[in-house]
Amino acid sequence: MRELTTYVLIPLTIIGAINWGLIGIFGFDLVAFIFGPATIASAIVYSIIGIAALVWVILMIVDKSKSRRDD
């Protein structure tokens, strides 16, 4: 499970955070720039990044819960 988090979920979440930072600071949407605004490809990228962030949060909650039980 650690490999999934390290190599997939964290990088996708960082990419999403960078994109939102660019939108907030410069009004520039990198995903829309690369894949086109409101295209199926950009919707897929947004969905994958959102799912990755959700899975990462769930795994962190489960891990915290597990470590509390181990104490």
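Visitor: In which helix is Ile34 found?
Guide: This is a predicted model, where local features need pLDDT of at least 70, side-chain atom pairs count only at pLDDT 80 or more, and totals for chains, interfaces and linings use all residues. Residues are numbered from 1 along each chain as its sequence is written, and side-chain values use heavy atoms, without hydrogens or water. Helices are DSSP runs of H or I with at least four residues, numbered from the N terminus. Ile34 is found in helix H2.

Visitor: Is Ile34 buried or exposed?
Guide: Buried means under 20% relative accessible area, exposed over 50%, partly exposed in between (1.4 Å probe, protein chains only). Ile34 has 55% relative accessibility, so Ile34 counts as exposed.

Visitor: Why does Phe33 count as exposed?
Guide: Phe28, at 32% relative accessibility, counts as partly exposed. Phe33 counts as exposed because its relative accessibility is 62%.

Visitor: Which residues does Ser42 touch, not counting residues up to four places away in sequence?
Guide: Ser42 lies in helix H3 (residues 40–70). Ser42 counts as buried because its relative accessibility is 3%. Contact means heavy atoms within 4.5 Å. By that cut-off, Ser42 touches Val31, Phe35, Gly36 and Pro37.

How values were computed
Helices (H or I, at least four residues) and strands (E, at least two) are DSSP runs, numbered from the N terminus.
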